[in-house]
Structure formats: C-alpha cells, structure tokens
Amino acid sequence: MEEDKIREPLLKKKYYDNCPGCKVDQAKEQNQNLSILNLAIIWMLVLSASLPISSLFPFLYFMVRDFNIAKTEADISSYAGYVGSAFMLGRGLTSVLWGIISDRYGRKPVLVIGIITIVIFNTLFGLSTSLWMAIVTRFLLGSLCGVFGPVKAYASELFREEHQAIGLSTVSAAWGIGLIIGPALGGYLAQPTEKYPHLFLKGSFWDKFPYFLPCFIISGLALVAAIVCIWIPETLHNHNGNRKSIDDAEALENGNSGGGKDSKIQKNENLLRNWPLMSAILVYSVFALHDVAYQEVFSLWAVSPRRLGGLTFTTDDVGNVLSISGFALIIYQITLYPYVEKAFGPINLARISGLLSIPLLQSYPFIAMLSGLTLFILISIASVLNSLLSITIITGLFLIQNRVVEQHQRGEANGIAMTSMSLFKAIGPATGGAILTWSQKRIHASFLPGAERVFFILNLVEALGLLMMFTPFLREKKKTPSNQEH
C-alpha cells in the first residue's frame with residue numbers, strides 16, 4: 001500500500017490549475033476511448049473553413065464572363081485563374097504568422113477569427129461586381145483565415161496518442177470533402193433565377209447577384225460554427241516556465257526516462273533544419289499544387305464548349321459529379337481507409353496512389369470523346385477515383401508532419417506547411433487557367449492537342465511528387481518508444 005502511494009505521483013502527470021491544456025490532458029487521461037464529440041468539433045471547424053476554398057470553381061467561368069473583361073472566350077480561363085490564386089497567395093503570406101500566434105496565444109482565438117473571416121469576406125465575394133473586387137475579397141479571405149495550420153495542431157492535441165491518426169485523418173477527410181462539397185454547392189446554387197425561377201424571380205436581388213446564394217449558404221454555416229466555437233476547449237498549455245514537468249510526465253507514461261531524451265524533436269530547434277518535417281512539407285506542397293490546379297482545370301474544362309475540347313457541362317452537371325465524389329470520399333474514409341492504411345502504412349499507400357493517379361488523369365481527354373449518359377458515368381467514376389487517391393496521399397503526408405514536432409512548435413510547423421502549400425497553390429489556379437487557355441487555342445495541334453496537353457502537364461507535376469516520396473528525399477523519422485503507433 002505504501003509502495004503504491006510512492007509510485008502514484010510518478011505515474012501521473014503534473015497538472016496546473018487554470019491551464020486549459022492541462023484540463024484537456026486530464027480529460028484524455030480519464031477517458032481513454034475515442035471522443036466522438038472531439039471528432040465532431042474537428043469536422044465542424046475544417047468543413048467550415050474548406051467549403052469556400054473551391055466553391056467558386058463551377059461558376060467562376062460564368063462570373064468572369066459576366067464581368068465583361070475577357071476579349072475572347074478562351075481568355076476567360078486566364079482571368080478566372082487570377083481570382084482562384086488570390087486566396088492561396090493571401091494564405092501563403094500569413095500562415096506562419098497565424099501559426100506563431102496560435103503557439104503564443106492559443107489555438108482557439110485563431111480558429112474563431114478564421115471562421116468569422118469566412119462569414120464576412122466570403123459573403124462579400126458573392127456580391128462582387130468587378131474582377132478586382134473578386135480578387136481583393138478572395139485575397140483578404142485567404143490572408144485573414146488562419147484556420148488550416150493551427151487546426152492540425154489542435155487535432156493532434158485534442159486526442160490521445162493512439163487516436164491521433166484518426167484525428168488527423170479526420171482533418172484531411174473533412175478538408176477533402178469540403179473541397180468537393182463546396183464546388184457542388186457552388187454548382188447547384190449559382191444562377192438560381194435560371195435554375196429555380198419559381199423560387200427566385202427574374203429582376204430580383206438574386207438575378208442581380210447570381211453567384212451570391214452559394215456564398216451566403218456557406219457563410220451561414222460558418223456563422224453557426226463561429227457561435228459553437230465559443231464552447232470548444234483550448235488545448236495550449238499556458239505555463240511555459242513549467243512545461244518540463246509535463247513533457248517528462250508524458251515521457252514517463254510512454255515508458256521513457258524524463259528529460260526529453262526521446263522526445264520527437266528537441267525544444268526550440270530550428271524547424272527549417274528538421275529534414276523529416278521539411279521533406280514532408282515539400283512533397284505535400286507539390287501535391288497541393290497539383291490538386292488545386294486539377295480542381296480549377298476540371299471545373300473550367302467541364303463547362304467549356306465542345307469546340308474548345310470541353311464537355312459543355314452546366315454548373316449543375318459539375319455539381320452532380322462532385323457530389324458523387326464527395327459521397328464516395330465519406331464512405332471511403334469511414335470504412336476502407338483505416339484498413340488499407342494499416343495494411344500498407346501511410347507512405348507506401350501514398351506512393352501507390354500517386355502511381356495510379358497518372359494513367360487515370362491522362363484518360364480524361366479520351367473520356368471527353370463520349371457523350372450523353374456514358375460520358376457522365378465515366379467522368380464521375382474518374383472523378384471519384386481521383387478524389388480517393390488524392391486524399392490518401394494528403395492524409396499520409398499529414399501524419400508524418402505531425403509526428404515529428406512537439407506541442408509548443410506544432411502551430412509554427414503547420415504554419416510553415418501552410419505557407420509552403422499556399423504559395424504552391426497560388427501558382428496552381430493561375431497557371432492551370434493559363435495552360436487551359438493555351439491548350440484550347442491549340443485544339444488542332446499534331447502533338448498533344450487541346451485537353452490532352454493540359455492533363456499531360458498535370459501528370460508531370462504528379463510524377464514529380466511521386467518521385468519525391470521516395471528516399472533519399474522523403475525520410476520518415478525513426479520510430480522510438482515515444483512515437484511508436486499503438
């Protein structure tokens with residue numbers, strides 16, 4: 001009995017009064033099961049923040065056309081690319097700053113500010129009457145919404161170590177689904193006076209601002225999330241001078257001696273010199289560039305006329321294809337992904353996915369030669385497969401990034417990741433739009449005519465990312481008892 005009393009303090013972490021991070025850690029220690037409430041919180045935050053990122057793609061072609069700024073029909077894609085890039089450029093310039101703020105003042109304030117930013121600037125974007133208004137509102141939305149880096153740190157801190165993979169896969173799943181459902185909403189709800197004339201009358205507010213409805217709905221969901229955010233827990237510890245006792249307790253709990261000898265990364269180490277982290281970020285950025293360029297190209301290509309090599313889809317058709325992809329992605333993440341990830345490991349699975357993506361993507365221009373129901377079915381299947389492969393790659397790289405940093409540097413590390421990814425993504429829409437315009441002006445070229453050229457260039461980026469996923473470039477940090485998966 002006496003021996004138990006002596007051992008008890010050694011096995012328990014030291015908690016501090018009035019520290020929100022300690023309260024979260026206590027709750028994790030008392031409840032070892034996976035918290036469904038915490039998963040719901042992550043879903044809500046990430047979905048709210050990801051919906052506006054690409055919701056504009058299905059109607060952006062028509063919005064830019066209505067600005068009457070493009071001299072030719074083929075030039076519309078180039079101007080649309082500038083609007084698509086503005087968000088990523090803004091986010092790239094401020095992501096590290098938001099990460100540092102979240103490390104210093106907490107995850108919760110940054111998350112709340114980011115969600116409120118969506119409510120304001122996504123609404124204003126829907127009211128855009130000129131190209132410059134659209135570009136400025138998207139830039140401000142990107143630069144002031146600092147959710148994406150801190151939410152990954154938040155997810156890894158909200159769950160026990162054995163549940164962190166599920167928490168981070170929830171981030172990537174909610175993000176991926178938001179990037180698909182967002183465009184689906186944009187496709188279904190844009191130009192409502194044409195699609196739902198019995199509800200939205202010609203000459204009304206909705207006719208004057210035909211692209212406001214999808215922005216309004218997404219901003220409304222973000223407003224609900226912002227209100228709910230009042231009650232979400234803060235995970236950052238506010239006793240910086242006494243952090244050592246927490247780290248040592250965590251080490252002891254994991255079977256290591258105190259002092260942080262086997263901690264994931266030395267305290268205050270320059271993260272730019274942590275190659276396992278930086279290599280994962282660079283690979284992640286290349287795939288992020290590919291994904292956003294694909295989203296822009298697919299949406300613009302699908303609504304382009306047949307004479308330019310497009311599919312002549314309506315925004316509803318694009319919405320239908322993306323909705324099917326979003327539904328399939330939810331089913332995949334809930335049922336299949338945990339098993340295949342366990343069987344192959346996140347990196348091997350990402351490599352396989354990258355390899356399979358290349359022939360799939362190159363098949364798109366040949367699918368475009370079909371018509372009617374056959375075209376819709378095959379392009380939907382291709383879109384589903386591309387979404388599943390893409391989210392598998394992103395999830396694997398998420399897991400690596402968050403396994404090689406400890407709490408007090410996670411916000412900064414994810415800020416670096418978001419900056420790198422956003423700068424790469426800022427190139428994507430503008431470049432994708434310009435390449436699509438270029439390819440559409442060369443529809444009768446003898447080598448890689450029309451759409452074949454743009455999808456070939458996308459595949460070159462995919463191939464680069466695939467090569468970077470192998471050693472010596474990408475190296476996972478060696479597992480120690482402290483970071484071994486349970």
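Where is L448 found in the chain? I looked this up and found L448 in the loop between α19 (407-440) and α20 (451-468), where helices (H or I, at least four residues) and strands (E, at least two) are DSSP runs numbered from the N terminus.

**Before reading on**

I noted that this is a predicted model, in which local features need pLDDT of at least 70 and side-chain atom pairs count only at pLDDT 80 or more, while totals for chains, interfaces and linings use all residues. Residues are numbered from 1 along each chain as its sequence is written, and side-chain values use heavy atoms, with hydrogens and water left out.

**Confidence**

I looked up pLDDT, the predictor's confidence in each residue, from 0 to 100, and found a chain mean of 83, with 88% of the residues at 70 or more. Confidence is highest in helix α7 (residues 131-144), at a mean of 96, and lowest in helix α13 (residues 243-253), at 38. Over residues 2-11 the pLDDT stays under 50, and the model has two contacts (heavy atoms within 4.5 Å) for them beyond four places in sequence.

I returned to L448, which has a positive phi of about 50° although it is not a glycine. L448 is buried, with a relative accessible area of 15%, where buried means under 20%, exposed over 50% and partly exposed in between (1.4 Å probe, protein chains only). N68, in the loop between α4 (57-66) and α5, also is not a glycine and has a positive phi, near 55°. N68 is exposed, with a relative accessible area of 69%.

I then followed the axes, which are lines fitted to C-alpha atoms, for helices over the stretch in contact, with angles from 0 to 180 degrees between N-to-C directions. The axes of α5 (residues 76-105) and α6 (residues 107-126) come within 10 Å and cross at roughly 160°. That makes α5 roughly antiparallel to α6, since angles over 145 degrees count as roughly antiparallel, under 35 as roughly parallel, 65 to 115 as roughly perpendicular and the rest as oblique. Among the residues making this contact are W98 and Y105 of α5 and P109 and F125 of α6.

For α6 and α7, I found that the axes come within 9 Å and cross at roughly 175°, and these helices are therefore roughly antiparallel to each other. The contact includes I113, F121 and F125 of α6 and M133, L140 and L144 of α7.
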